[in-house]
Amino acid sequence: MSTAPLRLVTRDDYGVKFASASVVPAIGSETQLKSVLGALAGVDAVGLEARCAKLATRSIKKSTKLEAIDLAISMVDLTTLEGADTPARVSSLCAKAMRPDPRDLTVPSVAAVCVYPDLVARARSALANSSVAVASVATAFPSGRASMRVKLLDVNDAVEAGAHEVDMVIDRGAFLSGRVGEVFEEIVAVKEACGEAHLKVILETGELVTYDNVRRASWLAMLAGADFVKTSTGKVSVNATPPAALVMLEAVRDFAESTGKLVGVKVAGGIRTTKDALRYLVLVNETAGSTWLSPDRFRFGASSLLNDLLMQRLKQHRGAYVRSDDFSGD
Amino acid sequence: MARTCALTISAATEVNEHDLTASRLGSLEYDPAPESSAIAHFRSSYGLFIDGAFTDPSSHEQFVSLNPANEEVLATVAQSSREDIDRAVRSARRAYEEVWSHTSGAERAKYLYRIARLILERAREFAVVETLDNGKPIRESRDVDVPLAAAHFFYYAGWADKLDYAGFGVNPRPIGVAGQIIPWNFPLLMAAWKIAPALAAGNTCVLKPAETTSLSALLLAEILQQAELPAGVVNIVTGDGSSGAALVDHPGVDKIAFTGSTEVGRLIQQRVAPSQKRLTLELGGKGANIVFEDAPIDEMIEGIIDGIFFNQGHVCCAGSRLLVQESVADEVLRRLVRRVEQLRVGDPMDKNTDVGAINSAAQLARIRELTSFGESEGATRYTSSCTLPEKGYWFAPTVFANVAQSHRIAREEIFGPVLSVLTFRTPEEAIVKANNTNYGLACGVWSEKGSRTLWVAQRLRAGVIWANTYNKFDPSSPFGGVRESGFGREGGRHGLEAYLDV
C-alpha cells in the first residue's frame with residue numbers, strides 16, 4: 001500500500017461553502033481516501049438495471065423529442081481517435097462540428113471536437129472563432145500504460161497546442177489492486193498540468209466491472225478535482241452502458257449536494273442512435289436533473305451519433321424518413 | 001490564445017441550495033404520449049359468460065363500469081342473481097363431470113398454452129382495457145399485469161401433465177368446481193392466478209370479477225372462446241357482493257378461492273365453515289419495508305417507491321410501512337420526498353405516467369378518511385405537489401413521517417398511495433415493529449449484509465420476504481399470507497395444492 005503523502009484537498013480547494021452537513025472530508029492519506037470510498041453506499045446491480053430498464057420505456061415524442069435532439073447535438077464531443085486520422089479529416093470534422101447541417105443553420109453546433117494531442121493545433125485553427133471547444137485525449141490514451149512523466153508530457157503537449165479540455169484515463173490496474181492513492185495523485189497531477197483546461201477523467205467502467213467500483217472511482221475522481229467523469233475510452237469491448245451512467249449521475253448529484261461542486265458526466269463509446277441518446281437524457285433528467293441538462297454538464301463522446309441525430313431531426317420536421325447519404329460522413 | 005467558446009465546461013462551479021432544488025424536478029418536460037384508447041373495443045353491454053356463451057342475466061339488470069380517470073362510462077355489465085350463479089355452477093359441474101375430469105393433463109395443457117399465447121397476441125388490447133377500466137398506468141398494465149397473466153398460464157400449462165411429480169403423491173385428484181372471487185386491483189392478473197392452476201389441476205371454475213373491474217375478465221372470456229376451451233370449464237359471472245355471496249353459499253361449489261379484503265374474507269370463512277368446501281384466502285396486508293443503514297441507497301429508494309406507489313398502492317402486499325434505521329432516517333426521508341416529487345401522476349393512458357387514478361370513489365373516500373387521521377394523530381405529512389386532473393378519482397402520493405406504532409395509519413391497510421415512515425435502532429426492534437400487526441403478507445429487507453438479511457427474514461411473520469427488492473412476482477414463486485392476510489398459496493408448485501384433493 002502506498003504511504004506517499006497525498007496532496008491535501010481542502011474545503012478551500014472547492015472555493016465554496018458546503019451545501020449540506022454531510023461534508024466530504026479533505027483527503028490527507030490513502031487510508032483516509034479508502035475510508036471515504038468504503039463508506040459509500042453499495043449498488044444493488046439488479047435494482048440498478050431494473051431502474052434503467054424502466055426509464056428506457058419513457059416515451060419522448062413531438063416537441064420534447066425535437067428539443068432533446070437539439071440538446072443532444074449540442075452535447076456531442078465529435079470524436080475521431082484513429083491511427084489513420086489525418087489533418088484533412090480533422091478539418092472536415094471541425095467544419096461539421098460548427099455546422100452539423102450546412103443547409104439548416106438552426107441546428108446547434110456540437111460541444112467539442114475530440115482528437116489526439118498531435119491534431120489539437122489543427123483542430124484549434126479549424127475551429128477558430130467558433131463556439132466549439134477542442135478536447136484532447138492524453139495520459140497515454142487509451143490504456144494509460146506509461147510512466148507518470150510520459151503522461152504529464154502528453155497532457156502538456158495537448159494543453160500547449162491549445163486544448164480546452166483534456167480527457168485522461170485512470171490507471172485501472174492501480175484502482176483494482178487497491179492503490180487508490182496512486183490514482184488520486186495521478187488525477188491531481190494531471191489536473192495541475194491542465195492549467196486552465198478542463199479535465200475529464202475516464203474511468204473505463206467496462207474494466208472496473210462492478211457498479212460499486214464505478215461509484216467509488218467516480219467519487220475518487222471528483223475528490224481529486226475532476227471537472228467531468230467519463231465512462232469509457234470507446235476502445236474496449238464494454239463501453240458506456242446506461243446502468244454505469246446512472247451510477248455516475250447519482251455520484252455527481254450526491255457530490256454536488258455534499259460539496260457544492262458540480263461535476264459533469266460524459267458517456268462515450270457505442271452510442272450510435274438517437275434512441276440511445278434520448279435514453280441517456282432521460283437518465284440525466286430523472287436522476288441529476290436540469291442542472292446537468294446542458295453541454296456544460298453532460299456530453300456524448302461519439303462520431304456516428306451526430307448523423308443519426310440529424311436524420312431524426314429532419315424526420316421530425318419533414319414527417320418522412322431521410323437518407324443517411326443526405327449528410328456528410330465526417 | 002483568446003477563447004471564444006460559449007459552450008465550454010465551467011469548472012468547479014458553486015451551486016446553491018436553490019439550484020439543486022430546481023434541478024430535482026428535471027427540465028425536460030415530456031409531451032403527452034397517450035396510448036390509443038381505440039384499441040379497446042367495448043360492447044355497449046355485457047352478458048354473463050356461462051356454458052361457453054354470453055347470456056343475459058335472469059333479472060336483465062345491468063350496472064355501469066366507469067373509467068376512474070375521467071368517470072366516463074365504458075360499458076354496462078350484467079348483475080348476476082342467485083339464479084344466474086346457480087346456472088353457472090351447474091354449467092361448471094356438467095363440464096367437470098362430462099368433459100374436463102376425463103381430459104388428460106397433456107390435453108388440458110394444450111388449452112392453457114393456447115390461452116397464454118392468445119393473451120400475448122392481444123396483449124396491447126388487454127393493457128388498454130385494463131388501464132381504462134382500472135385506472136392503473138398503461139406502463140404497468142403493459143409491462144406487468146398482462147405479461148405476468150400470460151406467464152401464469154404458460155407456467156401452469158407445464159404442470160398439467162406432470163401432477164404426479166408435484167409432490168402430492170401419484171395421480172392427485174382435482175377438487176371439482178371452484179368458485180373464485182377476485183379483487184379490482186389486478187383484475188386480469190388475479191383471474192389468471194385463479195384460473196390457470198385450477199384448470200391445470202383438472203377443476204372447472206366460476207369466476208366472479210370485482211364489481212368495478214369486470215371488463216378485462218370479459219375480454220378473457222372472448223379469449224377462452226377463441227381457444228375453444230370446452231363450454232362450462234370456465235364461467236365468468238359479473239356482479240356486486242351479493243353475487244359473490246351467492247357463489248360462496250352455493251352447495252354445488254367444492255372450493256372457494258377469494259382474494260380481497262380481510263373484512264370480506266372473514267365473512268366468507270364464517271359462511272363456508274359449516275360446509276365441506278375447501279377455502280383459500282388471500283387478504284389484506286400492512287407490509288413492512290425494513291431499511292438498514294448499509295442498504296444500497298439509490299436502489300432502496302426506488303424499491304420503497306415501487307413498494308408503495310406501484311398500482312397507486314392498491315396492492316395487498318404493498319410496502320405501506322417503512323421501518324428505517326434511525327442513523328439514516330433523515331437521509332432516507334429527504335431522498336424519498338425528493339423522489340415522490342418526481343413521480344408523474346396523471347392520465348393513466350400516458351406511457352410516461354407513474355401513478356394513475358384511484359379505482360373508485362369509495363376507495364378514494366377510504367384513503368381520504370384514513371389519511372386524515374395521520375395528521376390528527378401527530379404524523380408529519382409530505383404530499384406531492386403534482387397537479388391532479390379535475391375529473392376522476394385522484395390522490396396525490398403521500399408520505400407520513402414521525403409515525404408511531406399506535407397510529408391508525410401504521411396499523412390499518414390504507415390501500416392507496418400513502419406511506420407511513422417509522423424508525424428503529426436495533427434489528428430486534430425492527431422485527432418487533434414489523435411483526436406488530438394482525439397482517440402477515442409481505443415484508444422487505446434492505447441491507448448489503450447477507451447474514452443480517454437472513455437473520456431478519458427468519459424472524460418476520462409474513463408469507464413473502466423480499467431482500468433488496470419489493471413487489472417482484474413470478475409464476476414459479478408461491479405467494480400468500482399468514483394470520484389475517486389469509487392462508488393458502490398461489491403460484492409455484494404450492495399453488496397446485498389449493499386445487500388438488502390432497
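Chain B holds 16 helices and 18 strands, counted as DSSP runs numbered from the N terminus (helices are H or I, at least four residues; strands are E, at least two). Its radius of gyration is 24 Å, close to the 23 Å of the globule rule for 502 residues, so chain B is as compact as a globular protein of that length. The radius is taken over C-alpha atoms, and the rule is 2.2 Å times the number of residues to the power 0.38.

This is a predicted model: local features need pLDDT of at least 70, side-chain atom pairs count only at pLDDT 80 or more, and totals for chains, interfaces and linings use all residues. Residues are numbered from 1 along each chain as its sequence is written, while chains are lettered from A and ligands numbered from 1 in the order in which they are written.

**Chain B overall**
- The C-alpha trace of chain B spans about 90 × 50 × 50 Å along its principal axes.
- Of the 502 residues in chain B, 56% are buried (20 or more other C-beta atoms within 10 Å of the residue's own, with C-beta atoms placed from the backbone).
- In chain B, 73% of the contacts with a separation of 6 or more are between residues 24 or more positions apart (a contact means C-beta atoms, placed from the backbone, within 7 Å).

**Helix α8 of chain B**
- Helix α8 covers residues 241-249, and its buried residues include Ser243(B), Gly244(B), Ala246(B), Leu247(B) and Val248(B).
- Their cover includes the helices α2 (82-98) and α9 (262-272) of chain B.
- Strands β6 (177-181), β7 (204-208) and β9 (255-259) of chain B also contribute to that cover.

**Chain A overall**
- Chain A has 14 helices and 8 strands.
- The radius of gyration of chain A is 19 Å, close to the 20 Å that the globule rule gives for 330 residues, so chain A is as compact as a globular protein of that length.
- Its C-alpha trace spans about 60 × 45 × 35 Å along the principal axes.
- Buried residues are 57% of the 330 in chain A.

**Backbone exceptions**
- Most residues other than glycine have a negative phi, and most peptide bonds are trans.
- Phe141(A) and Pro142(A) are joined by a cis peptide bond, with omega about 0°.
- Pro142(A) sits in the loop between β3 (133-137) and α7 (148-160) of chain A.
- Glu204(A), not a glycine, has a positive phi of about 55°.
- Glu204(A) lies in the loop between β5 (198-202) and α10 (205-208) of chain A, and is buried, with 26 other C-beta atoms within 10 Å.
- Asn311(B), not a glycine, also has a positive phi of about 55°.
- Asn311(B) lies in the loop between α10 (297-309) and β12 (321-325) of chain B, and is buried, with 24 other C-beta atoms within 10 Å.

Methods. Buried ≥ 20, exposed ≤ 12 C-beta atoms within 10 Å, placed from the backbone. Contact = placed C-beta atoms within 7 Å.
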